[in-house]
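Welcome! Please take a moment to look over the sequence and the fold before reading on. The short tour below follows a few of their features.

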Amino acid sequence: MGKEKVSELQIGVITQTHGIRGEVKVFPTTDDASRFEELPEVFLDNGKERLAMTIDGVKFFKQYVILKFHGFDSINEVEKYKGAKLFVPREKAVKLQEGEYFIADLIGMKVITEDKAPFGVLKDVLETGANDVYVVEMVNGKEALLPAIKECILNIDMDSEEITVHIMEGLLS
């Protein structure tokens, strides 16, 4: 019995209000910010409450997405949602290409070496621009940073929930 699949995926965080008409500035946590244009609604979670929000308008400003939620027409109505996370149900998530995975599905997977020795558990994935970096808590309790490149990450088996890695020379020194 493996870990439970995440039913929702985070796609953004409200950073602040935008203007006075109830718009919010969102930092997208999805690889494709244009997908906000196709979303009829998102779930907003600010730790205290969880709301289904209908999207009335989408604009883009620098690296941000400006959203207008239906029924929220003033800055005072959206002020309390600063810092809130935005989610979509898995079935509304971007379709993945072969070899692509949602980070939320990888976190917690066992990491083993190519000779099947236990290496640790995947704790986080850092998105650096060039390539992702896998943060692994090793069996000795220390942390290893592994570049997500095919020379290092040999296989990701979603069924057995194992990531097979090759520890490149000098990587742990």
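Which residue in β6 does L9 stand opposite? The residue opposite L9 is V88. Keep in mind, as you explore, that this is a predicted model.

Strands β1 and β6 run antiparallel to each other, and 5 bridges connect them. β6 also pairs in the antiparallel sense with β3, which covers residues 41-45, through 3 bridges. Here F43 has F87 of β6 as its bridge partner. β6 is mostly covered as well, with 4 of its 5 residues buried.

| Strand pair | Sense | Bridges |
|---|---|---|
| β1 and β6 | antiparallel | 5 bridges |
| β3 and β6 | antiparallel | 3 bridges |

Now for the wider arrangement. Both pairs belong to a closed barrel of 6 strands, in the order β1-β2-β5-β4-β3-β6, and the pairing in this barrel is antiparallel. Going from one strand to the next, the twist averages 45 degrees.

What about the nonpolar core? The largest nonpolar core has 19 residues, and those touching the most other members are I14, V42, L67, F69 and L86. Two or more residues each come from β1, β2 (23-28), β3, β4 (50-61), β5 (64-69) and β6. Of these elements, β5 gives the most to the core, with 3 residues.

Finally, there is open space to visit. The largest pocket holds about 1,000 Å³. Its lining is made of 35 residues, and D31, Y101, F102, I103 and E127 are the ones nearest the centre of the pocket. Elements that supply two or more lining residues are β1 (8-18), β6 (85-89), α2 (103-106), β8 (118-127), β9 (132-138) and β11 (153-157). Sorted by class, the lining of this pocket has 20 nonpolar residues, along with 9 charged and 6 polar ones.

Methods:
Residues numbered from 1 in each chain as written. Predicted model: local features only at pLDDT ≥ 70, side-chain atom pairs only at ≥ 80, totals over all residues. Heavy atoms only, no water. 1 Å grid on protein atoms, 1.4 Å probe; cavity = no way out; pocket = protein on both sides within 12 Å on 5 of 7 lines; lining within 4 Å. Points joined across faces, edges and corners; volume = space filled by probe spheres on them. Nonpolar A, V, L, I, M, F, W, Y, C, P; charged D, E, K, R; others polar. Pairing = 2+ DSSP bridges. Axes fitted to C-alpha atoms, helices over the stretch in contact; angles between N-to-C directions. Core = buried A, V, L, I, M, F, W, Y, C linked by side-chain atoms within 4.5 Å. Buried < 20%, exposed > 50% of the residue type's maximum accessible area, 1.4 Å probe, protein only.
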